[in-house]
Amino acid sequence: MKYIVSDIHSCNVVELNKIHNPAGNITIIQNDDHQPFKVRRIYYLYDVPGGSERGGHAHKQLHQLIAAASGSFDVIIDDSRNKKIVQLNRPYFGLLIVPGIWREIVNFSSGAICLVLASEKYEPGDYIRDYSDYIKFKHDSPIV
Ligand code: TYD
């Protein structure tokens, strides 16, 4: 299997649309508009207790768009060489995460909803859950 060599500079925050309405706003995400992948799965994290940390893994093939549908949280992205923290705190911004990036999601505000659009259905074999395995993966992966 070949993997794309990726770094955190390929993980961009994109501004989504916002249809303003005094009775409540709407943001629309549809295939081919904002995310460079077809959405095959949507999930969301909610009822996250204060102080909890989620993520703590990388994906080998999966692309994701992460948005704070409500509240805020920080996403730490790490490509084994560089690391940065992206704060998501508006429902009309999304962070694109390419394959091969270690991520942790921290500092959830009370009532935060972390919405995730994913390019593939759930596949446990796509996860790297151990950081030392991740470093090995980044350094050993065949280059496309
Ligand atoms: P995981 O992706 O590890 O959560 P997080 O990164 O937010 O901490 O998933 C937590 C559990 O949920 C794990 O047992 C796998 C399961 N799960 C599914 O069954 N399907 C899914 O699409 C996802 C995202 C998780």
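**The shell around the ligand**

By class, the residues that make up the shell around the ligand comprise four nonpolar, two polar and three charged residues. In this predicted model, the residues surrounding the ligand are Arg41, Tyr43, Leu45, Arg54, Gly55, His57, Tyr122, Tyr127 and Arg129.

**The open sheet**

Five strands, in the order β6-β5-β8-β3-β10, form an open sheet whose pairing is antiparallel. The edges are taken by β6 (83-88) and β10 (127-128), each of which has a single partner strand, so one side of each is left without a neighbour in the sheet.

Between β5 and β6 the antiparallel pairing extends over six bridges, and Asp78 stands opposite Lys83 in β6.

Gly71 is located in the loop that lies between β4 (64-70) and β5 (73-78). With a relative accessible area of 32%, Gly71 is partly exposed, since this value falls between the 20% limit for buried residues and the 50% limit for exposed ones.

When residues up to four places away in sequence are not counted, Gly71 touches Leu88, Asn89, Ser109 and Ala112. The C-alpha atoms of Gly71 and Ser110 are separated by 7.1 Å, although the two residues are 39 residues apart along the chain.

Conventions
Residues numbered from 1 in each chain as written. Predicted model: local features only at pLDDT ≥ 70, side-chain atom pairs only at ≥ 80, totals over all residues. Heavy atoms only, no water. Helix = DSSP H or I, 4+ residues; strand = E, 2+ residues; numbered from the N terminus. Buried < 20%, exposed > 50% of the residue type's maximum accessible area, 1.4 Å probe, protein only. Contact = heavy atoms within 4.5 Å. Pairing = 2+ DSSP bridges. Near = heavy atom within 4 Å. Nonpolar A, V, L, I, M, F, W, Y, C, P; charged D, E, K, R; others polar.
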